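Hello,

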Amino acid sequence: MADRDTRNGPAGGDAAPHGAALPSDTPNAQFAADDGAHAQLRNNTDEENEDTYVHPVSQRLFDAFPPLQHMPVLGRSLEVFNPRFVFSLGATRLLSKGIAHGFIRSSIQGMLLNHYLLTATRYQRLSALYSLGWSVNAFVGILADTFALGGYTKRWYLVFSALVGCAFAFVYALLPGKSSYANLAAAFLFLHAVCNCTVDTLSQAFYSRRIRRFPKHGPALVSWVWWMALLGTMIAGVIQGPLTDMGKPYVGPCIAGGLLFLLAIVFAFNAYGERKNFDDRTFDAIREAEELQRAQEALLGEKHDHHVAQDKLYLTEPLNDGALHDDVADYDAKRHGDLVRIEPVLPVRETCLCGLFDFNRAIIRDNWKLAVMCAILTSCVIVQTCVSILGTKWKLTYTCIAISVVFTITSFIFLPRVIAKAAVFLYFNNVLYLTLPGALNTFYVATPACLPDGPHFSYTFFTTMSSALSNVTSMVGIAVFNAFLSKYPYPYVLCFTTFLQIIASLVDLIIVMRWNTHIGIPDHAMYLCGYTIVYEAIEMLSQMPLMLLMSRVCPRGTESIIFTFLTGVAHIGSSTSTAIGSILMETRFPVVSKPPAKCNYSNVKWLIIIGHLCVPLLILPMSFLLLPYVRINENIDLDGKAIKATKRSRKDTAGNRNDADESASSTTGKERITPAVGIDMDRDVAVAGAQQNDDEDSERNNAKHH
């Protein structure tokens, strides 16, 4: 039996939904504990009461320290989530996604250019491997959800990933500083990124379950974890810059390895309070049955007060093998108000390898298409990694084209349409803004001997000062998004941020052309007040909607799969963008940054015009074609439509039957309800109404909060 605190609400272990009961002979009967306090907790944790519910542990914390409840972002996150969960999640993001990731990322330029002595063009190509490493963990999601190691889908995978990532960080940092070791170092950089990304995405998968239960508090929780990640990145940047100037860029990766080792110990003690896999599946089964019950009640009306025409309702019933199927029940108008009780389909525990793993057969059975897409994505990443290290410029060109075509086509073949569109947009949103570290980063830090008229930034300024200020402005961007943009539709927000991103990129062009010096603006001031202050905040504004979109389309019970897949898509898009920039530099617009040839940055302006000003304009039409036209703070179903509440009055239903029928059909869409033991990507269940908002007033409250 899994250890859990049945009184800690949703974050320390979700209580069973109100009204659901388990047979007394099941090992999970404690979910239906008959004690009054527990029953009251189940009442309060329903989504319908999200506006008034306060987690009991958080309430005690607020009573002891009242200002905490009014803190931006954190206070709202603590209202409905267990403080242990919120603070553990924040600390993990601070150390892994923040400090460890910040040290590795900030060290790449100094390690590859100064320690391993690469040219700008080669640095442009190999720097893409770190982003590629954040793309291959989609298969880890399949493994984590299908094979629960030690009974947990995340806990022990987190421990293993942190330990292995620690080892790879040390190897990357301590290889001999010779150009002949550069390819090997890049390979270990890639492997470390795989491990750190696994830690990050499994953490995101864990909190996606909470966001689905409390969607109105979702933006606050996402903002909280991003604030902690940005704080960690800022800390790492402040330290790594001076280390690079001192000729010791390898110290930062060693610190990152030590932090991952510390996190492995923390994960071993189950810092997130994760329940065991079998308990989670049982809870999902109960909740699934109750959602279908509420949908049935919404369709039939309230008891005998509604006049219901002959309708069809999809009910979920167990088969002999424990699977689920759709059964259509006919309701006659004379039986208006009659309800059918939908009982939960409880999972059956299967184990393998002498009980080492819990085997969730339904995950791979019901999600085989998503598993195929994860395999395709992983194959694309491995191919691009090998070609980036060993291939020619033309092989890299053909590889990028093939990956883009294959990924786009297979996404619409194997994925539900809304997830396919989100995945394709994530990919091209990152591809179409070309990343140019080999051209721009080397330009900014070029020495006077190489580039007499250059900015001549030190690594302390370029990495430390810009990192600190850019992360502060990114936090401001999160706050702005949470306060103003979360109530607008996805396409509008992405178009707005894309325009701002293009405008902010003009700063790079101004500095490269030296126009700022002609009017008396120093390079340092121009860079800080332009790119650092404006661009980083805008980039965060563009990332937040996509992060929330991932949470919205992530089906219950398959969080690891969806999150690792979609985040992998975003990162392979970024690495493809860098690879395209490398192709441009190796073919049409070469950049020379090291002796014996004379330094030549004359083509950088063309790279900026093409990659930062022209190509990103293609994102604008794609946002309307691929993103759901719903507000960011609304839940969406797997058809990309907003989930809205059914609200029919007695007068409407009694006085005008046709209007009532029309209202029912307008609020009854094909929403995919996840089965208790997984999600069937091909199965549509006709469900009436919504599970999140009761009426139009709560919908207005939703917009007001965000």
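The axes of helix H14 (residues 368-390) and helix H15 (residues 393-414) come within 10 Å and cross at roughly 175°. Axes here are lines fitted to C-alpha atoms, for helices over the stretch in contact, with angles from 0 to 180 degrees between N-to-C directions. H14 and H15 are therefore roughly antiparallel (angles over 145 degrees). Contact means heavy atoms within 4.5 Å. On the H14 side the contact residues include Trp368, Met373, Ile376 and Val387. On the H15 side they include Leu396, Ile403, Phe407 and Phe414. The residues of this contact divide into 13 nonpolar, 5 polar and 2 charged. Nonpolar covers Ala, Val, Leu, Ile, Met, Phe, Trp, Tyr, Cys and Pro; charged covers Asp, Glu, Lys and Arg; the others, Gly among them, are polar.

This is a predicted model: local features need pLDDT of at least 70, side-chain atom pairs count only at pLDDT 80 or more, and totals for chains, interfaces and linings use all residues. Residues are numbered from 1 along each chain as its sequence is written, and side-chain values use heavy atoms, leaving out hydrogens and water. Helices (H or I, at least four residues) and strands (E, at least two) are DSSP runs, numbered from the N terminus.

Next, the sheet. It is open, has 3 strands in the order E1-E5-E4, and pairs antiparallel. Two strands pair if DSSP finds at least two bridges between them. Strands E1 (147-149) and E4 (351-352) stand at the edges with a single partner strand each, so one side of each has no neighbour in the sheet. Helix H7 (residues 138-146) packs on the sheet and touches E1 and E5. The direction of H7 makes about 75° with that of E1. E4 and E5 (residues 357-359) pair over 2 bridges. Cys352 stands opposite Phe357 in E5.

Two backbone points to check. Most residues other than glycine have a negative phi. Cys354, in the loop between E4 and E5, has a positive phi near 60°. Cys354 is exposed, at 89% relative accessibility (buried is under 20% relative accessible area, exposed over 50%, partly exposed in between; 1.4 Å probe, protein chains only). His456 also has a positive phi near 60°. His456 lies in the loop between helix H17 (437-445) and helix H18 (459-485), and is partly exposed at 28%.

Last, His524 in helix H21 (residues 523-552). The C-alpha atoms of His524 and His456 are separated by 9.4 Å, at 68 residues apart along the chain. Not counting residues up to four places away in sequence, His524 touches Pro455, Phe457 and Phe461. His524 is partly exposed, at 35%.

Best wishes

How values were computed: Angles under 35 degrees count as roughly parallel, over 145 as roughly antiparallel, 65 to 115 as roughly perpendicular and the rest as oblique.
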